[in-house]
Amino acid sequence: MQALQARAALFARIRAFFAERGVLEVETPMLSRYAATDPALESFRLGDGLAARYLHTSPEFPMKRLLAAGSGPIYQICRVFRDRERGRRHHPEFTLLEWYRPGFTMHALMDEVADLLRVALNAPDLAAERIAYRELFVSRLGLDPWHASVDERRAAALAAGVPGADALMLDADGWLDLLLCHCLEGDLGRGRMTFLYDYPPSQAALARVRATPYPAAERFELYLEGVELANGFRELTDAPEQRRRFEADLLARRRHGQRPVPLDAMLLAALEAGMPDSAGVALGLDRLLMGLLGVADIDGVLAFPAERA
Amino acid sequence: MATYKTNEFKGGLKIMLDGDPYSIVENEFVKPGKGQAFNRVRVKNLKTGRVVEKTFKSGDSVEAADVLDTELQYLYNDGEEWHFMDPATFEQLVADANAVGDAAKWIKEQDMCSVTLWNGAPLSVEPPNFVVLQITETDPGLKGDTSGGGGKPATLETGAVVSVPLFVQIGETIKVDTRTGSYVSRAKDE
């Protein structure tokens, strides 16, 4: 009950923060004819055939349609759904705060995320630092995440003592994911907010890829006390490039034996019509609440966990 | 061949790894913000009892181990192997020294034991938490000393040696906690 009160107070502080900055709260459909194509996400499906609908894994696509329609800055607090994600920090249904800032650069949005966190956590003096993804891997593991071979990545995992790394079959990005979540993220955000930014182009997801000084996806993640709280992008607004990424995702899904999903034609149409240059970010509010209350298990901040829902 | 997907992992699940049966002790799901998810698990080798860590790519499948925990009655030892019986089916099963392990020094005929079966054969044997055994050998204690202030070694009918209070004598039966190997009390006449 104490967690629910803290949750309500947290939401009130967030809403006041955005009201003061003139960001509009919006609601978009949770059920869609389309689904996220990302092979790392599994949508819940309701119904079959033409009547099939998908529960959203984030409100990103319809919010981008609002941006294209000229909404200006918008935010949303909503429940999102991700099948097969369950652990101490994962729950198949959780609360996301997602917001978009037309005209913001990635670094300007990181500034705003830090401002919001100071308000949300009642910690006005909480420091923030920024580390480039490449710099983190080079300085901590001696590994260049852009150019290291798969064997070098495996060797780095073995050297770092990841148990069972010798038996794992992973692709180049899979090894980076393994190194990040087993060897690096636990030390990020200790006593401060740590923003990791400029991701490998192969991990751009829905971010724009910048060519200089080296090719990098304008994507960031925020860590607090070793926990990943938020993921942001300077948003991809190029419709043909978006279509290429969707199709590459669908190919990867087929290769992994995953269910094919219908790609969002409405988003592509909106991008073709023109979406303003924007930065956007999604922040997990359950994890933020865990940090606020010092709770290690996500079940501790939910009214009822999935197994008792 | 039955398999488990990583999203079915939970404490107590029995899986095969490198040809040995293991039990999952702890399962942690880890996933970066975007990208590949992993299951970081602590598993116990059911043959050796050793606990090790393993990492799996989420979505991978692992062979299930045909492992069953059951209650069997210990019948007798033929000098080499230990014979047990399922009290429900009267089926008899034979366990070797490897499977019986430390339980050998605590169990006596008729005791009910927790036996883990792998492919139908005993893999490990847990003695009852408390056993009542007769003392076959111990130094005579000081008469009248009932304070329990000191201790002395005593050999039990099964061969186990435990530390008992000075007042306990040869021929008496005592209750022992098999998890710690320690004396609990004199047994009431049972």
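Guide: In this predicted model, helix 1 (residues 2-20) of chain A packs against helix 3 (residues 106-120) of chain A. The angle between them is about 140° and their axes lie 9 Å apart. Angles over 145 degrees would count as roughly antiparallel, so helix 1 of chain A is oblique to helix 3 of chain A. The crossing of helix 1 of chain A with helix 3 of chain A is right-handed. Helix 1 of chain A brings Leu10(A), Arg13(A), Ile14(A), Phe17(A) and Phe18(A) to the contact. Helix 3 of chain A answers with Glu112(A), Asp115(A), Leu116(A), Val119(A) and Ala120(A). Seven of these contact residues are nonpolar, three are charged and none is polar.

Next, a loop in chain A. Ser43(A) sits between strand 2 (31-32) and strand 3 (45-46) of chain A. Its relative accessibility is 5%, so Ser43(A) counts as buried. Beyond its neighbours within four places in sequence, Ser43(A) touches Ala35(A), Ala36(A), Tyr54(A), Leu55(A), Thr57(A) and Arg259(A).

Last, chain B. Its secondary structure comprises one helix and 16 strands. The C-alpha trace of chain B spans about 75 × 40 × 25 Å along its principal axes. The radius of gyration of chain B is 22 Å, whereas a compact globule of 190 residues would have one near 16 Å. Of the 190 residues in chain B, 43% are buried. Among contacts in chain B with a separation of 6 or more, 45% join residues 24 or more positions apart.

Terms used
Residues numbered from 1 in each chain as written. Chains lettered and ligands numbered in written order. Predicted model: local features only at pLDDT ≥ 70, side-chain atom pairs only at ≥ 80, totals over all residues. Heavy atoms only, no water. Axes fitted to C-alpha atoms, helices over the stretch in contact; angles between N-to-C directions. Helix = DSSP H or I, 4+ residues; strand = E, 2+ residues; numbered from the N terminus. Parallel < 35°, antiparallel > 145°, perpendicular 65-115°, else oblique. Left-handed = near helix turned anticlockwise from the far one by under 90°. Contact = heavy atoms within 4.5 Å. Nonpolar A, V, L, I, M, F, W, Y, C, P; charged D, E, K, R; others polar. Buried < 20%, exposed > 50% of the residue type's maximum accessible area, 1.4 Å probe, protein only. Rg over C-alpha atoms; globule rule 2.2 N^0.38 Å.
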